[in-house]
Amino acid sequence: MTATASTTPGGIGQSGFAELAGLMTRMAGAEKHVPAAHSTTDALWVLYDRVLRVTPATADAPDRDRFLLSKGHGPMAYYAVLAAKGFFPRDWLDGFGGFDSPLGHHPDRTLVPGAEIASGSLGHGLPLGVGTALGLRARDLTEPAVWVLVGDAELDEGSNHEAIDFAGASGLDSLHVVVIDNASASWGTARSQADRFAAAGWSVAEVDGRDHEALYAGFTRPHPGRPHAVFAHVEPKSA
Amino acid sequence: MTTRTGTTRSTTAPPTTTATSTPPAPPAETMRDRFVSVTGGLLDEDPRTAVVLAEISAAGFTGAARRHPHRVINVGIREQLLVGTGAGLALAGMRPIVHTFASFLVERPFEQVKLDFQHQDVGGVLVSAAGSYDWPQGGFTHMSPGDVALLDTLDGWTVHVPGHPDEAEALLREAVRGEDRVYVRLSEQSNAAPRAVGGGRLLRLRDGGPDAPVVIAVGPLLDATAEALAGLDATLLYAATVRPFDRAGLREAVAGRATADVVLVEPYLAGTSTREVAEALRALPHRTLGLGVPRAELRRYGTMADHLGAHGLDAAGLRRQVTEFASLRGQTG
């Protein structure tokens with residue numbers, strides 16, 4: 001299940017991660033959400049480089065892993081990773097946010113190859129992920145994993161809590177959540193959020209969100225019979 | 001089969017029959033009863049189907065859930081999750097059937113309806129119950145007269161408003177067979193007999209003279225409308241599908257006229273479809289009267305018949321309003 005950049009169609013070789021910064025600067029004309037974009041870079045890279053079983057060639061395969069970027073704010077890192085992995089041409093990045101560009105400041109699944117959902121309004125990805133996981137199970141597709149990336153402040157939205165409680169209680173173990181914790185919530189803490197996942201019956205891992213090996217270990221920790229949440233702690237947004 | 005949910009609080013099902021004054025003789029089986037039994041069969045027939053519930057009607061699906069444990073999903077009293085889960089099922093290639101009361105299916109999680117279905121560009125079938133005035137003893141929290149108007153702010157939704165359990169079954173089957181986004185609005189109110197609905201067409205039940213009002217009755221208000229028009233010169237059309245609105249059918253009904261008077265009788269917010277009439281009759285001078293549930297809260301309990309009377313949606317009220325509208329023809333003051 002581990003794909004290296006060198007074997008990924010359209011990949012950019014072993015130096016893949018190092019090139020992301022360059023790809024992101026191609027979008028730098030638009031400064032919106034830049035700090036948030038950078039908070040997700042490492043987690044996204046490790047997921048697409050080593051964890052998710054999806055490539056441009058399998059982007060429509062029924063048994064692919066699904067990655068749902070719920071925190072649609074700051075999608076530059078996401079676009080850079082998708083481009084680096086060959087889901088769409090790198091030169092699309094130059095038009096970021098333009099009228100003729102498929103790449104907006106919030107992603108649209110109907111425009112971006114490889115994007116599983118359109119996001120931007122916070123709190124939609126996790127319920128959609130629950131439904132996707134249930135749908136795959138109903139189709140007897142037991143292999144694919146469903147991953148949802150949220151921000152710590154995004155967990156303010158009550159829709160997440162509906163999904164967290166339901167997924168935990170029903171043991172929806174194909175569902176995975178990555179919480180990018182840059183301490184951006186005005187109220188509450190990552191501690192209270194992690195406790196909440198745990199109380200709802202989730203497996204919870206907490207890792208350094210800049211440490212690729214720690215991220216990989218957190219992402220791949222076994223969690224039989226329970227959904228899995230990985231808190232990726234990064235530097236506080238206000239720092 | 002009972003569809004009472006057995007849950008507590010405000011999610012208790014409305015009574016399937018009213019105890020005191022009787023609305024126009026409903027059949028013993030409600031549309032919601034039929035929805036539960038037909039959907040159970042659809043689950044058996046079509047492995048793409050899945051039902052998502054938020055407690056409401058869940059007791060009715062107990063047997064289906066035993067047969068299809070992965071395709072009958074009750075998320076509890078979580079309506080944002082209800083709609084999001086339905087859309088997620090669609091993203092995974094399923095045909096979701098999502099059900100609860102209209103107020104909790106369309107109004108409460110409206111952004112999920114807008115974004116999780118429309119913006120994701122996936123299809124699904126939303127099936128509501130209890131509509132506008134179906135459980136008056138439950139009060140305004142369980143009334144959703146604005147559901148169709150809300151869906152009118154979105155793109156690509158088909159809206160069925162069946163007037164009889166048989167019509168509900170036909171339209172539900174039509175909806176589940178398709179790929180698009182469909183809202184099926186079930187009511188406790190029913191006409192005495194079903195009509196041959198389907199295909200989105202207006203049915204022309206009566207032809208009036210060239211100056212007679214053209215009255216469009218929607219779903220369960222057909223019987224009251226037909227009774228109201230007894231002995232009056234009027235054309236009577238019936239709609240069990242209101243979106244897309246059968247504009248061509250309306251134009252056919254007024255073909256050859258120099259002007260037209262159109263009356264809409266809708267079991268939800270008054271005037272919801274007046275825009276459709278305006279679009280259909282762009283080329284024809286016309287007047288429109290939109291009858292339905294008013295915006296003002298009634299803040300009364302009682303029976304469905306009480307509320308229909310208060311809203312002017314019983315036969316006497318409809319006759320009075322149609323007659324008055326017809327008498328205004330040509331007046332300028």
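Across which strands of chain B does helix H7 lie, and at what angle to E6(B) does the helix run? In the predicted model examined here, helix H7 of chain B, formed by residues 165-177, lies across E1, E3, strand E4 (124-129), strand E5 (157-160) and strand E6 (181-185) of chain B, and its direction makes an angle of about 165 degrees with that of E6(B).

Chain A comprises 239 residues, of which 53% count as buried. Its secondary structure consists of 7 helices and 5 strands, and these elements follow one another from the N terminus in the order α-α-β-α-α-β-α-β-α-β-α-β. Among the contacts of chain A with a separation of 6 or more, 76% are made by residues 24 or more positions apart. Helix H3 of chain A, spanning residues 76-84, is mostly covered, with 9 of its 9 residues buried. These buried residues are Met76(A), Ala77(A), Tyr78(A), Tyr79(A), Ala80(A), Val81(A), Leu82(A), Ala83(A) and Ala84(A). After H3(A) comes Gly86(A), for which phi is positive, near 90 degrees.

Chain B contains 12 helices and 12 strands. The radius of gyration of chain B is 19 Å, close to the 20 Å that the globule rule gives for 333 residues, and chain B is therefore as compact as a globular protein of that length. Along the principal axes, the C-alpha atoms of chain B fill a box of roughly 60 × 45 × 30 Å.

An open sheet of 7 strands is found in chain B, where the strand order is E2-E1-E3-E4-E6-E5-E10 and the pairing is mixed. Strand E2 (72-74) and strand E10 (241-243) of chain B each have a single partner strand and stand at the edges, so that one side of each is left without a neighbour in the sheet. On average, and with direction ignored, neighbouring strands of this sheet are turned by 20 degrees against each other. Within the sheet, strand E1 (residues 49-53) of chain B runs parallel to strand E3 (residues 95-101) of chain B, and the two are joined by 5 bridges; on the E3(B) side, Arg95(B) stands opposite Thr49(B). Both E1 and E3 of chain B are among the strands across which helix H7 of chain B lies.

Chain B is divided into domain 1, covering residues 9-185, and domain 2, covering residues 203-327. The C-alpha centres of domain 1 of chain B and domain 2 of chain B lie 26 Å apart, and the contact between the two takes 29 residues from domain 1 of chain B and 26 residues from domain 2 of chain B. On the side of domain 1 of chain B that touches domain 2 of chain B, the elements giving two or more residues are helix H6 (147-151), E5 and H7 of chain B, with the largest share, 4 residues, coming from E5(B). By class, this side of domain 1 of chain B has 13 nonpolar, 12 polar and 4 charged residues.

Gly200(B) is located in the loop between E6 and strand E7 (203-206) of chain B. When residues up to four places away in sequence are not counted, Gly200(B) touches Thr241(B), Pro244(B) and Asp246(B). A separation of 9.3 Å is found between the C-alpha atoms of Gly200(B) and Val159(B), which are 41 residues apart along the chain.

Between the two chains, 24 residues of chain A are in contact with 25 residues of chain B. Helix H4 (125-138) and helix H5 (158-169) of chain A each supply at least two residues of the side of chain A that touches chain B, and the largest share of that side, 11 residues, comes from H4(A). The residues of the side of chain A that touches chain B divide into 11 nonpolar, 8 polar and 5 charged.

Terms used
Residues numbered from 1 in each chain as written. Chains lettered and ligands numbered in written order. Predicted model: local features only at pLDDT ≥ 70, side-chain atom pairs only at ≥ 80, totals over all residues. Buried ≥ 20, exposed ≤ 12 C-beta atoms within 10 Å, placed from the backbone. Contact = placed C-beta atoms within 7 Å. Rg over C-alpha atoms; globule rule 2.2 N^0.38 Å. Pairing = 2+ DSSP bridges. Axes fitted to C-alpha atoms, helices over the stretch in contact; angles between N-to-C directions. Nonpolar A, V, L, I, M, F, W, Y, C, P; charged D, E, K, R; others polar. Domains from an automatic or database assignment.
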